[in-house]
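Please walk me through this structure in plain terms. I would like to know how its parts are arranged and where particular residues sit.

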Amino acid sequence: MVWDDAPSHVCRGGDKRALSFCCPPVKPCPILYALEDAGITPQDYIEIKEQFGKKTRLGEGEGTCFGSLVWCCKPSKPCPLRDMVMRRIDMSTEEFLELKKQLSEELVGKSEFLDEDGVKALADTFNVSEEEALKVLQDCGNDLRNAMKLLRMKNVE
């Protein structure tokens, strides 16, 4: 099964599960906050992803930015290098996302994700109850950006 509730990229406001789509932490960016939130050091993050790459096809990827699909972003973000490698090794988008989901679970665990701070922020920002904010967030696959768009559209109506 494909990762139906895959989060937005960390750099686009996605939650810590999106660490599976991030580059190595080589520059100051939101990944550092996501790592802190997940309780993972940058070095542990690198080691977990490299080990995962060694035991799965995400370790392939000569020609990508960092030499492995384990560091590549979501298929929804255009990337000719990632796509070229996936075609070359005959990897479907479904397989890629399934492996990224497994990687995410190794990084942050399998527990159901609930962004309590995000729920409160949505409720406060859009003047709705926390229950409604939670429902919208869940309906959006825990994607805070999409939940904000939906609530913004409801406010316009």
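The count of disulfides comes to zero, where a disulfide is a pair of cysteine sulfur atoms within 2.5 Å. The model is a predicted one, in which local features need pLDDT of at least 70 and side-chain atom pairs count only at pLDDT 80 or more, while totals for chains, interfaces and linings use all residues. Residues are numbered from 1 along each chain as its sequence is written, and side-chain values use heavy atoms, with hydrogens and water left out.

Two cysteines illustrate the count. The cysteine sulfur closest to that of Cys11 belongs to Cys22, and because the distance is 6.6 Å, it is too far for a bond. Cys11 is exposed, with a relative accessible area of 52%; exposed means over 50% relative accessible area, buried under 20%, and partly exposed in between, with a 1.4 Å probe and protein chains only. Cys79 is in no disulfide either, and the nearest cysteine sulfur, in Cys73, is 5.2 Å away. Cys79 counts as buried, at 16% relative accessibility.

The next topic is the interior. In soluble globular proteins, nonpolar side chains tend to be buried together. A nonpolar core is here a set of buried Ala, Val, Leu, Ile, Met, Phe, Trp, Tyr and Cys residues joined through side-chain atoms within 4.5 Å. The largest such core has 27 residues, and those with the most contacts inside it are Leu19, Phe21, Tyr45, Leu58, Leu69, Met91 and Phe96. Two or more residues of this core come from each of helix H1 (31-38), helix H2 (42-55), helix H3 (80-88) and helix H4 (93-108). Helices are DSSP runs of H or I with at least four residues, strands are runs of E with at least two, and both are numbered from the N terminus. H4 gives the most to this core, with five residues. A second, separate core has eleven residues, including Leu122, Ala123, Ala133 and Leu151.

Contact means heavy atoms within 4.5 Å. Leaving aside neighbours within four places in sequence, Leu19 is in contact with Val10, Ile31, Ala34, Leu35, Ala38, Tyr45, Lys49, Leu107 and Val108. Phe21 lies in the segment before H1 and is buried, with a relative accessible area of 2%. With neighbours within four places in sequence again left aside, the contacts of Phe21 include Trp3, Pro7, Trp71, Cys72, Cys73, Phe96 and Leu97. Phe21 and Ala147 are 126 residues apart in sequence, and their C-alpha atoms are 20 Å apart in space.

Now to a pair of helices. Two packed helices are described by the angle between their axes and the distance between the axes. Helix H5 (residues 116-126) and helix H6 (residues 130-139) pack at an angle of about 115 degrees, with their axes 8 Å apart. The axes are lines fitted to C-alpha atoms, for helices over the stretch in contact, and angles run from 0 to 180 degrees between N-to-C directions. Where they meet, Val119, Lys120, Leu122 and Ala123 in H5 are set against Glu130, Ala133, Leu134 and Leu137 in H6. The residues of this contact divide into six nonpolar, no polar and two charged. In that division Ala, Val, Leu, Ile, Met, Phe, Trp, Tyr, Cys and Pro count as nonpolar, Asp, Glu, Lys and Arg as charged, and the others, Gly among them, as polar.

Phe126 is also found in helix H5. At 8% relative accessibility, Phe126 counts as buried. Not counting residues up to four places away in sequence, Phe126 touches Met148, Leu151, Arg152 and Asn155. The C-alpha atoms of Phe126 and Asn155 are separated by 7.5 Å, although the two are 29 residues apart along the chain.

Backbone angles come last. Most residues other than glycine have a negative phi, and most peptide bonds are trans. Asp90, in the loop between H3 and H4, has a positive phi near 55 degrees. Asp90 counts as exposed, at 67% relative accessibility. Asn127, in the loop between H5 and H6, is not a glycine but has a positive phi of about 55 degrees. Asn127 counts as exposed, at 72% relative accessibility.
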